Amino acid sequence: MEIIHSSKVMTVIRRGLNLIDKRLIDHGAKVMLVVQDMLRADNCQDALTWKNLSILALLHDVGAYRTEDINNLVKFEIGNVWEHSIYGYLFLREFTSLKEWAEVALYHHADYSSMADQPEWLRLNAQILHTADRAVVWHDEVKRSEEELEKHFAKGIGRSFSPKAIELWQKCQKFGTFSKLDDPKYLDTSLDSCLFDEHDSLDYLTMMIHTIDFRSRVTVTHTVGVMEIGFRLARKMELPEHVCQQIYYGAMLHDLGKIGIPVSILEMPGRLSPEEMNIMRQHVVLSGQILDGCVDETIARIALRHHEKLDGAGYPLGLTGDELTLPERLLAVADIASALCMSRSYKEAYPKERCLAILWDMCQKGQIDKEIVSVLDSCFDEIMEQSNEACQPVRDAYDRISREYQSLLKKYADRTI
């Protein structure tokens, strides 16, 4: 089953990251354009280098979305670069196929002179990314001329910047790289040049999900919990296997739009005000904007209707029971069950009896499907045990990243860039 076409993966990532902060709209895509032009100027024929460095360019600041370091990134001269660089490196290493290539993201703000002890391939690729990133910030934020940028680069050769990276930057100007940063069609071209196989596609979708859920330990397992509960519940209802898979991947994508919701609202340690709730409800609309035209339509509808209710009181469309398919109804139940049975920022996990009482009360009010809740009730312990087992590797990854982040932060705290 094709969840997302390989040509659309970059589009989904780009749309999602663009929702986080208006000042970073397409920053990663522009850095990728520059990196690709620099590789082209070097006559790079290595498909793996092209692919991995392009992806790193698009995602090089992913750590800032966790450390909330965005205010710092829009400056040309950066002070402490290590918080977002370390977190981004750990995140990419853990959840993508980049593995050792993720170390390029760790050093993407490091001075050339500070990397003398690193392997040459790492030093060069980190410098290509560093040079491209600084060129884009110069263009978008400093807003001064290409000639002035050349002078800045020239002053830093051998110290801040690699002679080879600056040479490639200068060579790629024959492609009009600096001026192309104003033209959206070139960004589309650079994105379309990166194709993924099915495994890679799911890797990067999973990474996007974790950029949302990893904001704290209490949210880290929500999506995985919904995926597992939904899939197991569908199996218990003896739905066809392809439908079970559709529910699984619909659950995977159901909260993707939360990437555009402020962390202060996502992690509010209490009930949301009406105004805050209106903002929170926008996550479904944002999910639709991210997924539009990129994902299997049935899976997208399952994902986007998880807050609809049978009585029409749900959102965002206010659909009623006769407008909702069984898989869409089922995911709504799975989402509620996960929210009730797992810790959240504003509450502890509820015991089984209270979870089921709330679900049955919603059935009585005509909000969710009685048949689905009845099946969940009959195998509640089994499904929740399976869900917890599926969530454990994610909890372990979160703890592993948290520990290593603190360790590396101490290691690099006094290191000059």
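Setting aside neighbours within four places in sequence, E404 is in contact with L90 and R93. This comes from a predicted model. E404 sits in helix α22, which covers residues 380-412. L90 is 314 residues away from E404 along the chain.

Is E404 buried, partly exposed or exposed? Its relative accessible area is 25%, so E404 is partly exposed. The cut-off for buried is under 20%, and exposed begins over 50%.

E328 belongs to helix α19, which spans residues 326-341. The relative accessible area of E328 is 3%, so this residue is buried. What does E328 touch, not counting residues up to four places away in sequence? The list is R301, I302, R305 and E323.

E167 is in helix α10, made of residues 163-171. With 33% relative accessibility, E167 counts as partly exposed. Now take E167 and E385. They are 218 residues apart in sequence. Their C-alpha atoms are 57 Å apart in space.

## How α2 and α8 pack

Two packed helices are described by an angle and a distance, both taken between their axes. Start with helix α2, residues 27-41, and its partner α8. Helix α8 runs over residues 120-142. The axes of α2 and α8 are 9 Å apart. The angle between the two helices is about 125 degrees. The two are therefore oblique to each other. The crossing of α2 past α8 is right-handed.

Which residues make this contact? From α2 come H27, K30, V31, V34, V35, M38 and L39. From α8 come I128, L129, T131, A132, D133, V136, V137 and D140. Sorted by class, the contact of α2 with α8 has ten nonpolar, two polar and three charged residues.

## H139 in helix α8

Helix α8 also holds H139. At 12% relative accessibility, H139 counts as buried, because the cut-off is under 20%. The side chain of H139 makes a polar contact of 2.6 Å with the side chain of D140. D140 is also one of the α8 residues in the contact with α2.

What else is in contact with H139, once neighbours within four places in sequence are left aside? The answer is F178, L181 and D182.

## How α1 and α3 pack

Next comes the pair α1 and α3. Helix α1 covers residues 9-18, and helix α3 covers residues 47-59. Their axes come within 11 Å of each other. They cross at roughly 20 degrees. That makes α1 roughly parallel to α3, because angles under 35 degrees count as roughly parallel. The crossing of α1 past α3 is left-handed.

From α1, residues M10, I13 and L17 take part. They meet I55, L58 and L59 of α3. How many residues of each class make up the contact of α1 with α3? There are six nonpolar, no polar and no charged residues.

Most residues other than glycine have a negative phi, and most peptide bonds are trans.

The loop between α2 and α3 holds N43. Its phi is near 55 degrees, a positive value in a residue other than glycine. N43 has a relative accessible area of 59%, so N43 is exposed. The loop between α6 (82-95) and α7 (103-106) holds K99. The phi of K99 is near 50 degrees, again positive in a residue other than glycine. K99 has a relative accessible area of 39%, so K99 is partly exposed.

Is the bond joining Y315 and P316 cis or trans? The bond is cis, with omega at about 5 degrees. P316 lies in the loop between α18 (297-304) and α19 (326-341).

Notes:
Residues numbered from 1 in each chain as written. Predicted model: local features only at pLDDT ≥ 70, side-chain atom pairs only at ≥ 80, totals over all residues. Heavy atoms only, no water. Helix = DSSP H or I, 4+ residues; strand = E, 2+ residues; numbered from the N terminus. Buried < 20%, exposed > 50% of the residue type's maximum accessible area, 1.4 Å probe, protein only. Polar contact = N/O pair within 3.5 Å; in protein donor to acceptor, adjacent residues only side chain to side chain. Contact = heavy atoms within 4.5 Å. Axes fitted to C-alpha atoms, helices over the stretch in contact; angles between N-to-C directions. Parallel < 35°, antiparallel > 145°, perpendicular 65-115°, else oblique. Left-handed = near helix turned anticlockwise from the far one by under 90°. Nonpolar A, V, L, I, M, F, W, Y, C, P; charged D, E, K, R; others polar.
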